[in-house]
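Dear colleague,

Please find the structure below, handed over for your own work.

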Amino acid sequence: MAAKDVPLHEAAKPLQWLLGKWKGQGKGIYPTIKDFEYIEDLEFFHVGQPMLQFRPFRKWMGRFYSVHKDTNKILHREVGFLRIKPGTNQVAFISSHNNGVSEMAEGTVEGQSVGLESHTLGRMSFGKDPQTKKLKRTLTLEGDTLHQVLFMETSNVTMTEHLRATYKKVEY
């Protein structure tokens, strides 16, 4: 069932500014890696429930889908949900990453900005070190540009900015 076939759930209306397909680019930085630039596609859509789903929007992708800007090497994929508690501005971000991490983050939506902080990170038993300990992210719409900033804490680095990206909507 496509979004155009069902009305947006009343509770999800504070998140409707995220709906659509977005294409952008960003920069990755972290004390333990070489800086890099990436290209990312993402889509937020709904099926009439009090949440949005997110995934990469190319047919062979999931949600957030990142490739290295120069080599097109696949870097990262994420799929999941952005759920709002009806009648509030509280949101939960439930995400599964292709590197074996599952993220449960909570925060708030204020106008056209979502701020999130992980409270639970699951990790596959054979994930490589260092272990991700905490993630914080913001999604903010300014004009027609969506900004995402992600901070990460690992077992050997305190909370530090890791990713910063900007996107333009390419389709509703």
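Is tyrosine 38 buried or exposed? Tyrosine 38 is buried, with a relative accessible area of 3%; buried means under 20%, exposed over 50% and partly exposed in between, with a 1.4 Å probe and protein chains only.

Please note that this is a predicted model, in which local features need pLDDT of at least 70 and side-chain atom pairs count only at pLDDT 80 or more, while totals for chains, interfaces and linings use all residues. Residues are numbered from 1 along each chain as its sequence is written, and side-chain values use heavy atoms, with hydrogens and water left out.

Aromatic contacts

The whole structure holds three aromatic pairs (rings of Phe, Tyr and Trp, the last by its six-membered ring, with centres within 6.5 Å; planes under 30 degrees apart are stacked, over 60 edge-to-face, the rest tilted). In one of them, phenylalanine 36 and tyrosine 38 are tilted, at 5.9 Å centre to centre and 45° between the planes. Phenylalanine 44 and phenylalanine 54 also form a tilted pair, because their ring centres are 6.2 Å apart and their planes stand at 55°. Phenylalanine 44 belongs to strand 2 (residues 36-45) and phenylalanine 54 to strand 3 (residues 51-55), so this pair ties together parts ten residues apart in sequence. Strands here are DSSP runs (E, at least two residues), numbered from the N terminus.

Strand pairing

Strand 7 (residues 101-110) and strand 8 (residues 113-123) pair antiparallel over ten bridges; pairing requires at least two DSSP bridges. Glutamate 106 has glutamate 117 in strand 8 as its bridge partner.

Largest pocket

The largest pocket contains about 980 Å³ of space. A pocket is an open set of points on a 1 Å grid over the protein atoms alone, where a 1.4 Å probe fits, with protein on both sides within 12 Å along at least five of seven lines; lining residues have an atom within 4 Å of a point. Of its 36 lining residues, Leu75, His76, Asn99, Met152 and His162 are the closest to the centre.

How values were computed:
Helix = DSSP H or I, 4+ residues; strand = E, 2+ residues; numbered from the N terminus. Points joined across faces, edges and corners; volume = space filled by probe spheres on them.
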